[in-house]
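Reader: Please take a close look at a single helix in this predicted model. I would like to know how its residues are placed and what surrounds them.

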Amino acid sequence: MSGRDPFCQPRRIRRGAALTLLFTSVLVAGAATGSLPRAEPESASGEALSVAPAGRHADVARAAEEAMADGKSPMEAAKRAVSRSGDRWGAVYSRGEYEEFEEALDGQYTGVGLWARGGRDGRVEVTKVRAGSPAARAGIRPGDLLRSVDGRTTDGRPVTEVVSLLRGDATGASAGTTVRLGLERGPRAWTETLRRAQLSADSVTVRELPGPVTLIRVDAFTKGAGEQVRRAVRQAPPGAGVVLDLRGNSGGLVTEAVTAASAFLDGGLVATYDVDGEQRALHAEPGGDTTRPLVALVDGGTMSAAELLTGAVQDRGRALVVGSRTFGKGSVQMPSRLPDGSVAELTVGHYRTPSGRGVDGRGITPDLETGEGALQRAETVLRSLAASS
């Protein structure tokens, strides 16, 4: 399991995505927190959160209602019901957690600026540190082990619980509050006290490389990320090819992934998906740049909405995909409100690429598989495409 602050790798490898049609396991193992007030959370497609669940959602709601009537925890009962359902991606969120996830998708979050993942040995490892963040100023580095949070050991804890400790959920911690981390680097063990801060996700970065090559890296599909990709393509130098770097992108809002696809496609199908057997489709907007050479760079951390985008440009013959096989998260979760205000999210379907390929459990195989030096290989391939066009 892996994750980051707030966008992990993934924040919930086995506990689902955060919003309706949020093809992802985003938002999981970081120090993200805060809330975005809304009367009722909305889905990534703009649909209101269901308050009259049906099917398996109704079973989970019934378990929560019965627990509430008996004076027991509705959330715990709902979690047990989800676990019994065998839904790999099913999850139950408190009202606060759900609002925090929405805030993170809006691109703002309260945290310390580190990404982390849980290993099979039960230990939590820092995988990335945000420049200029409280974690960076404290000298925390990728590879450091996070052994405790405010005196509570992280060993053997689900990453989601570690996230809750980092965010200070139990005390309603906000920007400016402190959190004490126990860390380990090789033989060295030490403690750092960090002050949480309000941070911006900055999920899209753009660099110009020799070639000319425009490198567009998308860490997660937060709100506005799709339009940032389109803007970067429009502003790329004439004749420049594009490397779309989706490595480590654990997903996000599917609407943003479709908007990003629209940067490279002139309309047409991006993906199909089913919800309780009903078939639906996602289409790109017309007018995308279909002439620039394009390479999509992926790896085993490319998930969900990022896989949806990769599959679209690969199947449509728009991009050459370089890297290693993607994660394989292609399921659709739908959320519904439980009696105590918490949110249950269950898998209701799966999406497919334009050619009909299923992604869940399979991932996407690159056209050119490479490990070390993947970016350099992608640049070489892009220049070859430009020379032959």
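Author: In H2, the buried residues are Pro74, Met75, Ala77, Ala78, Ala81 and Val82. These residues lie on the same side of H2, because the arc they cover around the axis is only 160°. An α-helix has 3.6 residues a turn, so residues three or four places apart point the same way. The other side of H2 carries Ser83 and Arg84, which are exposed.

The cover over the buried residues of H2 comes from several elements, including helix H1 (56-69). Strand E2 (91-93) and strand E19 (343-352) are also among them.

As for its dimensions, H2 runs through residues 74-85 and has 12 residues. From the first C-alpha to the last, H2 reaches 16 Å, close to the 16 Å expected at 1.5 Å a residue.

Glutamate 76 has a relative accessible area of 38%, so it counts as partly exposed; the class lies between the cut-offs of 20% for buried and 50% for exposed. Glutamate 76 can also be placed relative to alanine 63: the two are 13 residues apart in sequence, and their C-alpha atoms are 9.4 Å apart in space.

After H2 comes glycine 86. The phi of glycine 86 is positive, near 75°.

Notes. Residues numbered from 1 in each chain as written. Predicted model: local features only at pLDDT ≥ 70, side-chain atom pairs only at ≥ 80, totals over all residues. Heavy atoms only, no water. Helix = DSSP H or I, 4+ residues; strand = E, 2+ residues; numbered from the N terminus. Buried < 20%, exposed > 50% of the residue type's maximum accessible area, 1.4 Å probe, protein only. Expected span 1.5 Å × (residues − 1). Arc of directions from axis to C-beta. Contact = heavy atoms within 4.5 Å.
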